[in-house]
Amino acid sequence: MITSIVLIKTNVDQIPEIAEKIAALDGVSEVYSVTGAHDLIAMVRVAAHDDLADVIPGRISKVPGVASTETHIAFRTYSQHDLEAAFAIGLEA
């Protein structure tokens, strides 16, 4: 699974509507409305690297109101959830 973080600039008067449209796209797992230089952050999870082209420039960038995107591809994922699951292996309650 390949995960990418997509920073999105939009028309600010349409952020909720644009976020809902992006969240409904195949390959998009979450969309966050954020403060700062970007308006939205989308988490994209796909099976193959080539699928990123279908999702990001092929779908997200084509949503009306999306002005620009900046994509970051994750090398490795670290999360508290994963650490807790790893330490719980073999423990009986």
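A residue is called buried when its relative accessible area is under 20%, exposed when over 50%, and partly exposed in between (1.4 Å probe, protein chains only). Helices (H or I, at least four residues) and strands (E, at least two) are DSSP runs, numbered from the N terminus.

The model shown is predicted, so local features need pLDDT of at least 70 and side-chain atom pairs count only at pLDDT 80 or more, while totals for chains, interfaces and linings use all residues. Residues are numbered from 1 along each chain as its sequence is written, and side-chain values use heavy atoms, with hydrogens and water left out.

**Helix α1**

Select residues 15-23, which form helix α1; I15, I18, A19 and I22 are buried there. These buried residues line one face of the helix, because they fall within an arc of 100° seen down its axis (the arc of the directions from the helix axis to the C-beta atoms). An α-helix has 3.6 residues a turn, so residues three or four places apart point the same way. Next, select P16 and E20, exposed on the other side of α1. Then display β1 (2-10), β2, β3 and β4 (66-73), which are among the elements covering the buried residues of α1.

**Strands β2 and β3**

Select residues 28-33 (β2) and 40-46 (β3), an antiparallel pair with five bridges; strands pair if DSSP finds at least two bridges between them. Y32 stands opposite I41 in β3. Six residues separate the two strands of this hairpin, and G36 in the turn has a positive phi of about 110°.

**Residue H38**

Finally, select H38 in the loop between β2 and β3. Is H38 buried or exposed? H38 counts as buried because its relative accessibility is 15%. Leaving aside residues up to four places away in sequence, H38 touches L7, I8, K9 and E70, where contact means heavy atoms within 4.5 Å.
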